[in-house]
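Please look through the structure below with an eye to its salt bridges and to the positions that a database record lists for it. The report that follows takes these topics in turn.

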Amino acid sequence: MRSRSPPYPIDGAEPTPYPIDGFLALGDWGGVPDPPFVTPREVATAAAMGRAAEELGADFVLALGDNFYYDGVRDEWDPRFQDTFERTFTAPGLRSLPWFVLAGNHDHNGNVSAQIAYGQRSPRWHFPHPYYSLRLSLPGTNSSARLLLLDTVLLCGGTDDFTSGPVNGPGPGPGPGAAPTASAQLRWLQRRLSAAAGDRFVLVAGHYPLWSAGEHGPSECLYRSLRPLLRRNRVTMYLSGHDHNLQFLWEGGVGYVVSGAGNFMEGSKRHGGDLPPGSLRFFYGAPSSPGGFVHVRLEPEAATVTYLEATGRILHREVLPPRGV
């Protein structure tokens, strides 16, 4: 891990490139609200992430939301930060890694501002704004990449994971009060994607999946608002969680990575019939599994996405070309 403190501008000047070889991506990892405030699956996944960071190489962790089940945190001193995060992700391979964090729907049930403020209390926790940008450089080359982190709850409204029906499926999106916030975020994203025209890889991340075969399924809101931007700007991949499994989908020249297996595991393919034909290349949600996560490696010639179970077993691997190739 290289020692540096990267900027993540909301707007204005371009960020200083942040050198990386690879990173880990984990969603829906946030324990439980009762003692011991973690699940066996979270503990196993945390240990496996530490081993993967050492063996595969990782410069940071991308936290894809639902960081604290079921109702987020109360304030920046909430003991859940210690019980569910600091005392759980303690493997040697993880201790020096920064976490770049975005919010999920369960985080919005609590105080997201407190999660942002916690970044002033922990050197590991980086969450400067509901949406923000990281400029990445590939060491030993002149190649750059960009990671754009979104708040899809502000874009598309909240959900309840414990209701019946297509919770995050077709729906109207955010209510009228949220429309200005959603519009501002989309304008910011458009500007950042335009600024990324010369980057070799562009990655976008949010909690809700745009495409998913799982229990929540595709998001009509993201299909309308985000998919055109991803395709028009030749985005390499969109990373998400929300559905509690591991998936890879390919549609319209964009890779869709679902990594939501950090705390729960669900094998439902309820929305498999709602996907474009042939788009689902990988799905893993065995209820007996101890959990899983994703490793992403960026090299000038390819972006490699590796899906790992908490046992250490490699489940699947995808290799994506640079933009314009």
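Glutamate 251 is buried, with a relative accessible area of 10%, where buried means under 20% relative accessible area, exposed means over 50% and partly exposed covers the range in between, computed with a 1.4 Å probe on protein chains only. Its side chain meets that of arginine 231 in a salt bridge of 3.4 Å, N to O, a term that stands for a side-chain nitrogen of Lys or Arg within 4 Å of a carboxyl oxygen of Asp or Glu. Because arginine 231 lies in helix α8 (residues 227-232) and glutamate 251 in strand β10, the pair ties together parts that are 20 residues apart in sequence; helices (H or I, at least four residues) and strands (E, at least two) are DSSP runs, numbered from the N terminus. Arginine 231, at a relative accessible area of 38%, is partly exposed.

The model is predicted, and local features need pLDDT of at least 70, side-chain atom pairs count only at pLDDT 80 or more, and totals for chains, interfaces and linings use all residues. Residues are numbered from 1 along each chain as its sequence is written, and side-chain values use heavy atoms, with hydrogens and water left out.

**Salt bridges**

By the rule given above, the count comes to 11 salt bridges, including these:

| Side chains | N to O distance |
|---|---|
| Aspartate 199 and arginine 135 | 3.2 Å |
| Arginine 231 and glutamate 251 | 3.4 Å |
| Arginine 313 and glutamate 309 | 3.2 Å |

Aspartate 199 and arginine 135 meet in a salt bridge, and since aspartate 199 lies in the loop between α6 (179-195) and β8 (201-205) and arginine 135 in strand β6 (residues 132-137), the pair ties together parts that are 64 residues apart in sequence. Aspartate 199 counts as buried at 4% relative accessibility, and a network of salt bridges links Arg135, Arg146 and Asp199.

The C-alpha atoms of glutamate 309 and methionine 49 are separated by 9.5 Å, although the two residues are 260 residues apart along the chain.

**Listed binding site**

Which residues does UniProt list for "binding site"? The unreviewed entry gives Asp28, Asp66, Tyr69 and His244, and although these are spread over 217 residues of sequence, they cluster in space, with a largest C-alpha distance of 13.1 Å. UniProt positions are given in the numbering used here, feature names are shortened, and annotations may be inferred rather than shown by experiment.

Tyrosine 69 is found in the loop between β3 (61-63) and α2 (80-86) and is buried, with a relative accessible area of 1%. The side chain of tyrosine 69 makes a polar contact with the side chain of aspartate 28 (3.1 Å), and another polar contact, of 3.2 Å, joins the side chains of histidine 244 and tyrosine 69. Histidine 244 lies in the loop between β9 (237-240) and β10 (246-251) and counts as buried at 5% relative accessibility.

Conventions:
Polar contact = N/O pair within 3.5 Å; in protein donor to acceptor, adjacent residues only side chain to side chain.
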